[in-house]
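User: I would like to learn how to read helix packing, pockets and salt bridges in a model. Could you take me through them in turn?

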Amino acid sequence: ASRDPLGYARETIIAYQEDPARFQDRVEPALGSLDRQMQIELQMVELRKEDADHLVKLAFMHNFYVRLLLRREPDNPAAIKACYQHYQQSVQFLDRAIASPGNRYHPETEEPLEVDQVHEIQSFWRNQMRGMEAQF
């Protein structure tokens, strides 16, 4: 992977858009890198008590990659359960972002996100999780 997990994740998304077949070998390293970065960011938020917008971006990227992994094995109960657990983690990151001071921005549009909009995103992800529950 890379020293910059978000940069690596963005490069992988670009590779996916240009050639979906070519990017497959980058998905798991990118997801692993994002997982590690999410843990670091949680610790940094605790230490600094600063803006948690980075957690919003990581949560979105995290879910993007988890969905890509699930596309490989859409009928595998273990893969569905792993996806569910990753979604759970992303929902928790959004909880943390809501509780932290500072602004939150949508990672694709860079539009400011109000707390109610973050709750809507969480609700959407929870609905997707409910759909997964019957499959594992």
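Analyst: What follows takes up these features one by one, bearing in mind that this is a predicted model.

User: How do α3 and α4 pack, and at what angle?

Analyst: Helix α3, spanning residues 53–72, packs against helix α4, spanning residues 77–99, at an angle of about 170°, and their axes lie 9 Å apart. Because angles over 145 degrees count as roughly antiparallel, α3 is roughly antiparallel to α4. On the α3 side the contact includes Leu55, Val56, Ala59 and His62, while α4 contributes residues including Ile80, Cys83, Tyr87 and Phe93. Sorted by class, the contact of α3 with α4 has 12 nonpolar, five polar and two charged residues.

User: Which residues line the largest pocket, and which helix gives the most to the lining?

Analyst: Rolling a probe the size of a water molecule over the atoms shows where empty space is left. Here the largest pocket has a volume of about 230 Å³, and the lining consists of Arg10, Ile13, Phe60, Met61, Asn63, Phe64, Arg67, Pro107, Glu108 and Trp125. Helix α3 gives the most to this lining, with five residues, and both α1 (5–18) and α3 supply at least two residues each. By class, the lining of the largest pocket divides into six nonpolar, one polar and three charged residues.

User: How many salt bridges does a search of the whole structure find, and which side chains meet there?

Analyst: Side chains of opposite charge can pair when their charged atoms come close. The search of the whole structure finds one salt bridge, in which the side chains of arginine 72 and glutamate 28 meet at 2.6 Å, N to O. This pair links distant parts of the chain, with arginine 72 in helix α3 and glutamate 28 in helix α2 (residues 24–48), 44 residues apart.

How values were computed:
Residues numbered from 1 in each chain as written. Predicted model: local features only at pLDDT ≥ 70, side-chain atom pairs only at ≥ 80, totals over all residues. Heavy atoms only, no water. Axes fitted to C-alpha atoms, helices over the stretch in contact; angles between N-to-C directions. Helix = DSSP H or I, 4+ residues; strand = E, 2+ residues; numbered from the N terminus. Parallel < 35°, antiparallel > 145°, perpendicular 65-115°, else oblique. Contact = heavy atoms within 4.5 Å. Nonpolar A, V, L, I, M, F, W, Y, C, P; charged D, E, K, R; others polar. 1 Å grid on protein atoms, 1.4 Å probe; cavity = no way out; pocket = protein on both sides within 12 Å on 5 of 7 lines; lining within 4 Å. Points joined across faces, edges and corners; volume = space filled by probe spheres on them. Salt bridge = Lys/Arg side-chain N within 4 Å of Asp/Glu carboxyl O.
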